Amino acid sequence: MYIKSFRQLIEENDRCLMVPCVYDCASARAVEIVGFESMMLSGGELSMAMNGIIEHDTSNFAECEWMAGRIARSSNIPLAVDIGDGWAKSPIAIYRECKRLAAIGVSAIQMEDASSYGILPEELFYAKVKAAVDALKDTDCILIARTNGDVETMMDQCCERMRRAHELGAEMTTVVRTRTLEQARYVAERVPGWKMFPDVTAPDGKPEATVEELYPLGYQIMTTHYTLKAAMDGMLEHGYRNVAEQNVTYTYNKKGPSGLAGFSAAAYFDPDGYMKMEAEYTGHYEEYILSKLYNETYPDVFPPSKNKFRF
């Protein structure tokens, strides 16, 4: 279970937090190792990772809950979860989904006002917000209300929806198609409370907005997608070499940022630490078998593993 909640991080920090999107326990481990303090389970990347296809009404709550629970239990940093529109469910279904996610350790839930068929009617969206807020009452999980409205044609309606969602109890809001710092300022002038800047990109090599610029405007987090692209890039890089050479010489000898060599990613998960933990109960230490084949030492450059928090 996470050591701090999203709410704690926000209340204790005087800066906007960069929050990467993850899709499984390995990507969650990677963002934790490099020093990110929180993360979000992306519905789109979860669908690509679990089903091999883009998210377009192709995944469901059971898949989301299954993965969210595993990430939350195996990570030391808090997890937010994107549930989209709650799979086009009724307010009662939203209540149940939020209740279940909070119970398995999710620290924030992002819920939007649109499905693949378009923007939801205002009253239906507000009813869902009320249900989610009620479900998360007396928990340490916060609601992030999101609008998918087009900021070029309906920015004022987007702001009004988020203002109303905040009034109904959503602790954070996001106008998800916001792209520029100018748009972020416009939203900030009209929507009170904590805000999220969505999916920052960097056209022409320059970020559209920085955490330093966003924090004074009330933006507490800024999300970004990079983990699945980075994983695919790495797998393709290694794969092209290994298939061309018909061996794993390239992979075994290539050292990444950690300085580790070898053919497996096991060392990133501190196998020796788990074996020492088990020795506390058995009274004797056994080496991890796979790790005998290469350098099994968890790198000193990584933060302490804190394995007992990962169950």
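I am working from a predicted model.

**Rings**

I looked at Phe125 and Tyr126, whose ring centres are 6.1 Å apart with 45° between the planes, so I logged the pair as tilted. How accessible are these two? Phe125 comes out at 0% relative accessibility, so I call it buried. Tyr126 is at 5%, and I put it down as buried because the cut-off is under 20%.

Next I went to Tyr298 and Phe302, an edge-to-face pair with centres 5.5 Å apart and planes at 70°. Tyr298 has a relative accessible area of 14% and is buried; Phe302 is buried too, at 14%. I also noted that ring pairs bring Tyr268 together with Tyr298 and Phe302 in a cluster.

**Charges over rings**

I went back to Tyr126 and asked which charged end sits over its ring. It is that of Arg164, 5.7 Å from the ring centre. I found another case at Tyr219, where Lys195 lies over the face at 6.0 Å from the ring centre.

**Salt bridges**

My count here is 17 salt bridges. I checked Glu167 and Arg163 and got 3.2 Å, N to O. Both sit in helix 7 (residues 151–168), 4 residues apart, which is about one turn of the helix. Arg163 is partly exposed, with 27% relative accessible area.

I then turned to helix 10 (residues 227–245), where Glu245 and Arg241 are 4 residues apart and therefore about one helical turn from each other. Their side chains form a salt bridge at 2.9 Å, N to O. I have Glu245 as partly exposed at 32% and Arg241 as partly exposed at 38%.

Which parts does the bridge between Glu280 and Lys308 tie together? I read 2.9 Å, N to O, for this one. Glu280 belongs to helix 12 (residues 271–282) and Lys308 to the segment after helix 12, so the bridge links parts 28 residues apart in sequence. Glu280 is exposed, at 51% relative accessible area.

I also traced shared partners: Glu160, Arg163, Arg164 and Glu167 are joined by salt bridges into one network. Arg164 is the residue I had already noted over the ring of Tyr126.

**Asn253**

Last, I looked up Asn253, which is in helix 11 (residues 249–253). I call it exposed because its relative accessibility is 53% and the cut-off is over 50%.

Conventions: Residues numbered from 1 in each chain as written. Predicted model: local features only at pLDDT ≥ 70, side-chain atom pairs only at ≥ 80, totals over all residues. Heavy atoms only, no water. Helix = DSSP H or I, 4+ residues; strand = E, 2+ residues; numbered from the N terminus. Buried < 20%, exposed > 50% of the residue type's maximum accessible area, 1.4 Å probe, protein only. Phe/Tyr/Trp six-rings, centres within 6.5 Å; stacked < 30°, edge-to-face > 60°. Lys NZ or Arg CZ within 6 Å of the ring centre and 35° of its normal. Salt bridge = Lys/Arg side-chain N within 4 Å of Asp/Glu carboxyl O.
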